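Subject: Structure handover

Hi,

As promised, here is the structure, for you to open alongside this email.

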Amino acid sequence: MNGSARYTKPLLAVTLALVTAGCGAADRLSQVGKAPALSAIQDPTTTPGYRPVQMPMPTPQSVHYNSNSLWRSGARAFFKDQRAARVGDILTVLVTISDKAEFDNETERNRVGSDSSGTGGAVGAAINTLFLPAGTASENLVTSSGTSTFKGKGKVDREEKLQTKVAAVVTQTLPNGNLVIEGRQEIRVNFEVRELIVAGVVRPEDISANNTIESAKIAEARIGYGGRGQITDVQQPRYGSQVLDIVLPF
């Protein structure tokens, strides 16, 4: 491989990163003095990367009515209520996250090794006379020693709390009756946009009478809380620093 080919891929990667950064910078320059724009309301199933949920399902049961009875087999309630049950229905998710974790680990390892090899007897005397310089002996031809010491200490002390509400839309009904929901909320305060995303699978039985559900009862829950704008931009490293953190091996 010649010298020019050796640097082609790294140079291409750096060039692509600079072009991407330039496009982002141009877009940001066009928004100078303006508040961040809110995203348009759209169908979540049409967004890039959307994939319908597929999970193991029980065997479907056929619906039938008993004679002289108003009860339908497979029904969850006798009277119809206004809780979310079909695609397009809306329910409120009560997001409550209170997480605290504390870990303290310490590891220490020491190892000392020593090896010695030589030759004695008549063979050793011959080696001493014919091959070795004066003052040395074949009894200690090879001597090696090694010492290894490792000590590590780590501590994690984390506490997270989040309590809010967000409306979600039913995007899919699974064969067993469970609902796939997704909700997105954007709030703009001055020049900062706060985003809250909630998605997952819920059971209709867990939806309360007032059409709300707790976040702890959402299976495969995906909850994201973040922001974008001037404050978030200042808290992020510059593009050059991010590229160097990826490229540099040390």
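Predicted model: local features only at pLDDT ≥ 70, side-chain atom pairs only at ≥ 80, totals over all residues.

Residues are numbered from 1 along each chain as its sequence is written, and side-chain values use heavy atoms, with hydrogens and water left out.

Salt bridges

Side chains of opposite charge can pair when their charged atoms come close. How many salt bridges does the structure hold? There are 5. One to look up is Arg 228 with Glu 195, whose closest N and O atoms are 2.8 Å apart. That pair links distant parts of the chain, with Arg 228 in strand β6 and Glu 195 in strand β4, 33 residues apart. (Strands are DSSP runs of E, at least two residues long, numbered from the N terminus.)

Arg 228 also forms a salt bridge with Glu 186, this time with 3.4 Å between the closest N and O atoms. Glu 186 sits in strand β3 (residues 179-189) and Arg 228 in β6, so this pair ties together parts that are 42 residues apart in sequence. Arg 228 itself is partly exposed, as its relative accessible area is 27%; buried means under 20%, exposed over 50%, and partly exposed in between (1.4 Å probe, protein chains only). Through shared partners, salt bridges join Glu 186, Glu 195 and Arg 228 into one network.

Another salt bridge brings together the side chains of Lys 161 and Glu 159, at 3.9 Å from N to O. Lys 161 counts as exposed because its relative accessibility is 65%.

Strands β3 and β4 pair in the antiparallel sense over 11 bridges (two strands pair if DSSP finds at least two bridges between them). To find your way along them, take Arg 184, whose bridge partner in β4 is Ile 197. The hairpin has 2 residues between its strands, and Asn 190 takes a positive phi near 55° there.

Positive phi elsewhere

Most residues other than glycine have a negative phi. Asn 211, not a glycine, has a positive phi of about 65°. You'll find Asn 211 in the loop between β4 (192-202) and β5 (212-214), and it counts as buried because its relative accessible area is 16%. Glu 220 is not a glycine either, and has a positive phi of about 50°; its place is in strand β6 (residues 219-229).

A negative patch

Which residues gather in a patch of negative charge on the surface? They are Glu 102, Asp 104, Glu 106, Glu 108 and Asp 157. A patch like this is made of residues with over 30% relative accessible area and no salt bridge, like charges being joined within 9 Å. Strand β1 (residues 90-117) gives the largest share, 4 residues. Glu 106 lies in β1 and is exposed because its relative accessibility is 54%.

Cheers

Technical notes: Patch = residues over 30% accessible without salt bridge, like charges linked within 9 Å, V, L, I, M, F, W, Y side chains within 5 Å. Areas by Shrake-Rupley, 256 points an atom, 1.4 Å probe, with all protein chains shown as cover. Salt bridge = Lys/Arg side-chain N within 4 Å of Asp/Glu carboxyl O. Lys, Arg positive; Asp, Glu negative; His and termini not counted. Charge placed at Lys NZ, Arg CZ, Asp CG, Glu CD.
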